[in-house]
Amino acid sequence: MEASPTPFDRTRTGAESTDGAPSNRKALTIGAVAKILGREFEDISISKIRYLEDQKLLSPRRTPGGYRLYSQADVERLRTILRMQRDEFLPLRVIRQELAAGAREERTGAALRRAATVEAGKGSRLSLEELVDVTGVAPALIKELEDWRLVQPENVQGAKFYDDTDREIVQASAELARFGVGGRNLKVLRTAADREAQLLEAVVGAALRSTNQSTRREALENLESLAAACNNLTHMLLVRDLRKLTGEE
């Protein structure tokens, strides 16, 4: 188990960068990183961060005493990795390829589809007024999305609260609404998502409900891989149909 840095090491963390030059921001210990990211990823742990390092996804610098020190860039890279795992169900080998290609480092939270989690965290809870303020979407469109089950707020003592998933769906739907695509038109996507979820449940549902932690962990990993494969297949099928539409195939 990694010990806490000595006072000497703590002093050095804010004074030097990887090459020994002064750093503009204080470097962080692995415990501090886990605490910071725990606000967004409740399942983060020191052991998980170490595991990602073992998988060559992270390369924090170390003090002469062997303590890990994470820069702000390291923290943002880890945040990106965790979002890819949580939001896009990508296996580590794919994440490694994406990061190596530099394709996702600058993606925004919206582009990362923050809300598409396997095991939902606490996340944000917004009232209707707050959701309207954050997204700039009219209440009428939000109600339409609710009517067609695209947005599913939680009812707490008679008041509706929307989570990060709802927010992302509202923002994506608003973009489509600019082209005249309303909630009724999006019902086909809701149906397709339901059927895809049913397919994946048929494959790994029993294992997900297992009380054996090892079995459940393996099922979650399989679910991530399956979801990524389904997402890729759906995209390619759409690309093929669009090519036919444009006469390019």
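The questions and answers below concern a predicted model of one protein chain.

User: What share of the residues of the protein chain count as buried?
Analyst: A residue is called buried when its relative accessible area is under 20%. The protein chain has 249 residues, and the share of them that count as buried is 33%.

User: Is Ile95 buried or exposed?
Analyst: Ile95 belongs to helix H5, which covers residues 92-101. Its relative accessible area is 0%. Since buried means under 20%, Ile95 is buried.

User: Which residues is Ile95 in contact with, leaving aside its neighbours within four places in sequence?
Analyst: Contact here means heavy atoms within 4.5 Å. One of the partners of Ile95 is Gln85, a residue of helix H4 (residues 72-88). With the neighbours within four places in sequence left aside, the list for Ile95 is Leu57, Ile81, Met84, Gln85 and Leu90.

User: How far apart in space are Ile95 and Gln85, C-alpha to C-alpha?
Analyst: In sequence, Ile95 and Gln85 are 10 residues apart. From C-alpha to C-alpha, their separation in space is 8.0 Å.

User: Is Gln85 buried or exposed?
Analyst: Beyond its neighbours within four places in sequence, Gln85 is in contact with Lys48, Leu90, Leu92, Ile95 and Glu224. The relative accessible area of Gln85 is 13%. The limit for buried is under 20%, so Gln85 counts as buried.

User: Which backbone nitrogen does the side chain of Asn212 reach?
Analyst: Asn212 lies in the loop between helix H9 (187-208) and helix H10 (213-245). Asn212 is partly exposed, at a relative accessible area of 38%. Its side chain reaches, at 2.9 Å, the backbone nitrogen of Thr215.

User: Where does the charged end of Arg125 sit?
Analyst: The charged end of Arg125 is 4.8 Å from the centre of a ring. A charge can count as sitting over a ring if this distance is within 6 Å. The ring under the charged end of Arg125 is that of Phe161.

User: How many aromatic pairs does a search of the whole structure find?
Analyst: Rings pair if their centres lie within 6.5 Å. For aromatic pairs, the search of the whole structure gives a count of zero.

Note on methods. Residues numbered from 1 in each chain as written. Predicted model: local features only at pLDDT ≥ 70, side-chain atom pairs only at ≥ 80, totals over all residues. Heavy atoms only, no water. Phe/Tyr/Trp six-rings, centres within 6.5 Å; stacked < 30°, edge-to-face > 60°. Lys NZ or Arg CZ within 6 Å of the ring centre and 35° of its normal. Buried < 20%, exposed > 50% of the residue type's maximum accessible area, 1.4 Å probe, protein only. Helix = DSSP H or I, 4+ residues; strand = E, 2+ residues; numbered from the N terminus. Polar contact = N/O pair within 3.5 Å; in protein donor to acceptor, adjacent residues only side chain to side chain.
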